Amino acid sequence: MLLDSLAVDAEAFAARTGWEAKPEGLCRGEVCVPAPGAVRADGRLDVRIVAERLRMPLVHDDAHGLWALGPSAGGRTLASADAPELTLPLVDGSGSWSLSSMRGRRTILVAWASW
Amino acid sequence: MWQALHAEIAPRGGAVVTVALDVLADRAAPWVQAAAPSHPSVLDASHVTDELLGFVNVPMAVWVDEHGRIVRPAERASIDPPPPDTPVPEGLPERLGQMMVEVRKIPRDGPVYRSAILDWIDRGADSPYVLSPDTVVARSAERPATHARAAACFELGHALFQRGGTDAAAPWWREAHRLFPENWTYKRQAWTLVTTPEGQPSDLIQGPNDVYEGNWLDDVVAAGGGDRYYPERVL
């Protein structure tokens with residue numbers, strides 16, 4: 001997740017990672033991780049605390065003032081078989097597409113590339 | 001190929017969605033225009049699907065059922081019929097000949113995978129190719145700290161590529177390559193951007209270059225050859 005500061009909107013964080021800020025901590029599904037101090041006074045999340053508690057790598061490019069927060073380390077790529085929400089632009093630039101729009105159809109999601 | 005499959009399965013309740021792992025949309029667009037797909041064709045410029053779903057090469061696919069549940073995690077996904085088993089032509093430049101040798105080691109069982117897809121489309125949860133939720137999670141790739149950090153490095157590199165091109169991105173992409181050498185999307189994406197001549201289609205040979213330590217042929221050989229180019233798939 002790309003960041004331009006060390007505070008992140010909780011909804012944006014949840015949309016990308018699946019981890020939600022709740023009174024009991026940072027939760028994804030039935031799993032909650034205590035994270036005292038993770039929610040700042042302004043309601044945003046303190047990225048350093050979140051990264052430490054969820055074992056997410058945080059990298060920083062000094063010259064451009066950008067950070068990137070990686071996925072939780074340890075375990076498997078998929079935490080559950082529930083497909084994550086995924087929204088991406090259409091290649092032709094005509095709009096965007098969400099994986100949830102495929103509900104009701106058996107869908108083959110295929111990665112390819114020009115290279 | 002994927003458009004033909006989509007046309008075949010759409011009347012039976014199935015769909016194909018293609019995800020282009022391309023930093024530059026204009027590299028992917030001509031392929032999409034040529035295929036004229038009736039299915040969604042989307043762009044993943046920062047390779048977020050690597051992180052979320054576990055893609056490490058192309059083509060790879062995930063099967064998602066009508067309820068939004070993954071029933072097969074990311075796996076090798078060619079559906080092409082195998083090419084004729086002809087000898088590698090003589091007289092090719094040495095590296096190109098070596099590349100062809102390694103490419104021919106990549107499993108060529110597209111029809112088997114295509115048949116599995118069709119079975120699932122028709123039989124749904126009764127298909128033997130459907131995995132339980134626990135098996136889906138267990139078969140998804142492990143994520144050690146190095147791979148998690150590589151995902152952050154690649155995404156940061158992508159953001160910097162948009163701002164300053166390869167000069168800005170390369171330090172972070174080199175680090176992603178070092179941390180997660182089994183992720184060919186990180187490497188092939190970066191290599192092709194420095195080996196493709198201006199105005200030309202994406203270079204597929206991705207030979208030695210001055211920006212990155214690796215290149216396609218040497219890295220494939222170091223990984224054990226073309227038969228190790230994708231994670232093992234068990235249908």
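Residues are numbered from 1 along each chain as its sequence is written, and chains are lettered from A (ligands numbered from 1) in the order in which they are written. Since the model is predicted, local features need a pLDDT of at least 70 and side-chain atom pairs count only at pLDDT 80 or more, while totals for chains, interfaces and linings use all residues.

**Confidence**

pLDDT is the predictor's confidence in each residue, on a scale from 0 to 100. For chain B the average is 96, and 100% of the residues score at least 70. The model as a whole has an ipTM of 0.97 and a pTM of 0.96.

**Chain A**

Let us begin with chain A, which contains 2 helices and 11 strands. Both kinds of element are DSSP runs numbered from the N terminus: helices are H or I with at least four residues, strands are E with at least two. Read from the N terminus, the order is β-β-α-β-β-β-β-α-β-β-β-β-β. The C-alpha trace spans about 40 × 40 × 25 Å along its principal axes.

Of the 115 residues in chain A, 36% are buried. A residue is buried if 20 or more other C-beta atoms lie within 10 Å of its own, exposed if 12 or fewer, and partly exposed in between, with C-beta atoms placed from the backbone.

One piece of chain A is an open sheet of 3 strands in the order 1-8-7, with antiparallel pairing. Strand 1 (2-3) and strand 7 (58-61) stand at the edges with a single partner strand each, so one side of each has no neighbour in the sheet. Two strands pair if DSSP finds at least two bridges between them; strand 7 and strand 8 (residues 66-69) of chain A are joined by 4 bridges. Within this pair, Val59(A) has Ala68(A) as its bridge partner, and His60(A) stands opposite Trp67(A). The hairpin formed by these strands has 4 residues between them, and there Gly65(A) takes a positive phi near 65°.

**Chain B and its domains**

Chain B is assigned domain 1 (2-96 + 107-139) and domain 2 (145-228); such bounds come from an automatic or database domain assignment. The centres of the two domains, taken over C-alpha atoms, are 22 Å apart. Where they touch, 14 residues of domain 1 are in contact with 15 residues of domain 2, contact meaning that the C-beta atoms, placed from the backbone, lie within 7 Å.

**Where the chains meet**

How many residues of chain B are in contact with chain A? There are 70, and they meet 46 residues of chain A. Helix 7 (residues 145-179) of chain B gives the most to its side, with 11 residues. That side of chain B divides into 45 nonpolar, 12 polar and 13 charged residues. Here Ala, Val, Leu, Ile, Met, Phe, Trp, Tyr, Cys and Pro count as nonpolar, Asp, Glu, Lys and Arg as charged, and the others, Gly among them, as polar.

Strands pair across the boundary too: strand 11 (residues 106-112) of chain A and strand 3 (residues 60-64) of chain B run antiparallel, joined by 5 bridges. In this pair Leu109(A) has Val62(B) as its bridge partner.

A nonpolar core is a set of buried Ala, Val, Leu, Ile, Met, Phe, Trp, Tyr and Cys residues joined through C-beta atoms within 7 Å. The largest one has 49 residues, and Val110(A), Val19(B) and Ile70(B) have the most contacts inside it. Apart from it lies another core of 45 residues, including Val50(A) and Ala148(B).

**Residues worth a look**

Arg55(A) is in the loop between helix 2 (47-54) and strand 7 of chain A, whereas His47(B) lies in the loop between strand 2 (41-43) and helix 3 of chain B.

A cis peptide bond, with omega about -5°, joins Val58(B) and Pro59(B). Pro59(B) lies in the loop between helix 3 (48-53) and strand 3 of chain B.

Note on methods. Contact = placed C-beta atoms within 7 Å.
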